[in-house]
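Welcome! Below are some exercises, each with a solution that goes step by step. Keep the sequence and the 3D view open as you work.

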Amino acid sequence: MRMYDIIKNKRNGKKLSKEEIDFFIYGVTHGIIPDYQTSALLMAIVCNGMDSEETLSLTMAIANSGDTVDLSKINGIKADKHSTGGVGDKTTLIVAPIVASFGVKVAKMSGRGLGHTGGTIDKLEAIDGYRTSLSDKEFIDITNKVGCSIIGQSSNLAPADKKLYALRDVTATVDCLPLIVSSIMGKKLAIGADVIVLDVKCGSGAFMKDWEDTVSMAEAMVAVGMGAGKKTTAFITNMDVPLGNSIGNSLEVIEAVETLRGNGRDDLTEVCVALSAEMLFLANLGTHNECLNMVKRALQDGSAYNKFVEIVEAHGGNVALIKDTSLFKKAKYCKQIIAKRDGYMLSMDTERLGVCSLLLGAGRIKKEDDIDYTAGIILNKKTGDYVTSGDILAEFYANDEHLFDEAEIEFNNAITY
């Protein structure tokens, strides 16, 4: 088998066999195929697409290109959720303890934030002492004991995806449905949960801005999950507005804790309840309505909050911060952003608000960048709210007051009245 022939077949619109795709991914993973041939095939895929069978083969090849996580030593049903990324998305911190409080195991590997999107691991590391790097044994032991462990991804998890994405990023081949789906689901399937619930974001702060494109991606991801023998569901959720009212790592942890105590914003609570109930439903704990009621009860009676305390403690985190969120470290400076006019807030460019938080120090542009866990934004007004001149639209937090001016310009440009 030759890479030349595989490129030619796809260039001519032919369907690639599982053997051809396996050959390609093996060659990429082991450095056998040169970058120029990999790039050529990626572009051929962009131009001619892949059908569902090809996409599944590509996804499974990526999933098996490195370490896979054996969850067989974890008792009971293992459930996982994945978000396609957004601004203010702290759902994992809320959903995981809710689901674990009912005995469904959540063994989750999450990523860090990059660009305008936040990362679950960054949020957890805002909790002093929380360890996001564990041995396989610790990961499994904590999940069995507490019901949930959330850690960073193994460096050798789906290594083919890392190599492919590095080339896609510089060859204008990122925006291609089969490549996007195989990248996301390859990592997810390498972890090995029984149940997968996908939170596919749509809107100005999401990777997919268009409704029809988002539906296509959600359907393709579910098809891959089901094809791999996993119970898989996708929800499409709104990212035309930041989720909740906090953007930034420690600020989002505080909001997650308040939500687990039953005091969350309606939009954030609604998404978390829906995702949690679906995970319980797929784990056979009841009908949809029964699972919805179970989740609401867990937020009201404190069981979800107590489970989060257990999870943090099991990972070495400072539980005192969760019990009293006022103990979280604060940014040195705070600036209130004041409305200069009356009117309805018609829309928010959510991606620009994510960039605004990044400018305050809460995010990273390159993977190696340090982040300021205390930096970020608290939104006091959101899309649909009526604003009067002089109202406080938002509060900025940073440890360098010189960062405020550029961030404020970005914030004001993101709002339409």
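A residue counts as buried under 20% relative accessible area, as exposed over 50%, and as partly exposed in between (1.4 Å probe, protein chains only). This is a predicted model, in which local features need pLDDT of at least 70 and side-chain atom pairs count only at pLDDT 80 or more, while totals for chains, interfaces and linings use all residues. Residues are numbered from 1 along each chain as its sequence is written, and side-chain values use heavy atoms, with hydrogens and water left out.

**Exercise 1. The whole chain**

Task: Describe the secondary structure of the chain and its radius of gyration.

Solution. Start with the helices (H or I, at least four residues) and strands (E, at least two), which are DSSP runs numbered from the N terminus. The chain has 17 helices and 13 strands. Next, take the radius of gyration over C-alpha atoms, and compare it with the globule rule, 2.2 Å times the number of residues to the power 0.38. The radius is 22 Å, close to the 22 Å that the rule gives for 417 residues, so the chain is as compact as a globular protein of that length. Along its principal axes, the C-alpha trace spans about 65 × 45 × 40 Å. Finally, 55% of the 417 residues count as buried.

**Exercise 2. The two sides of H7**

Task: Work out which residues of helix H7 are buried and which are exposed.

Solution. Helix H7 covers residues 136–146, and its buried residues are Phe-139, Ile-140, Ile-142, Thr-143 and Val-146. Now look down the axis of H7: the buried residues fall within an arc of 165°, taken from the directions from the helix axis to the C-beta atoms. They therefore line one face of the helix. Turn to the other side of H7, and you find Lys-137 and Lys-145 exposed.

**Exercise 3. An enclosed helix**

Task: Find how many residues of helix H12 are buried, and name what covers them.

Solution. H12 runs over residues 266–282, which makes 17 residues. From its first C-alpha to its last it reaches 24 Å, close to the 24 Å expected at 1.5 Å a residue; the expected span is 1.5 Å times one less than the number of residues. Of the 17 residues, 12 are buried, so H12 is largely enclosed by the rest of the structure. Among the buried ones are Leu-268, Cys-272, Glu-278 and Leu-282. Their cover includes strands E1 (79–83), E4 (195–202) and E5 (231–238), along with helices H5 (91–100), H11 (249–260) and H13 (288–301).

**Exercise 4. Aromatic rings**

Task: Classify the ring pair of Tyr-344 and Tyr-386.

Solution. A pair of aromatic rings is described by the distance of the centres and the angle of the planes. Rings of Phe, Tyr and Trp (its six-membered ring) pair if their centres lie within 6.5 Å; planes under 30 degrees apart count as stacked, over 60 as edge-to-face and the rest as tilted. By this rule there are 3 aromatic pairs. For Tyr-344 and Tyr-386, the centres are 4.9 Å apart and the planes are at 70°, so the pair is edge-to-face. Tyr-344 belongs to strand E8 (residues 343–344) and Tyr-386 to strand E11 (residues 386–387), so the pair ties together parts that are 42 residues apart in sequence. Tyr-344 is exposed, at a relative accessible area of 56%, whereas Tyr-386 is partly exposed, at 42%. Elsewhere, Phe-396, Phe-404 and Phe-411 form one aromatic cluster.

Technical notes: Contact = heavy atoms within 4.5 Å.
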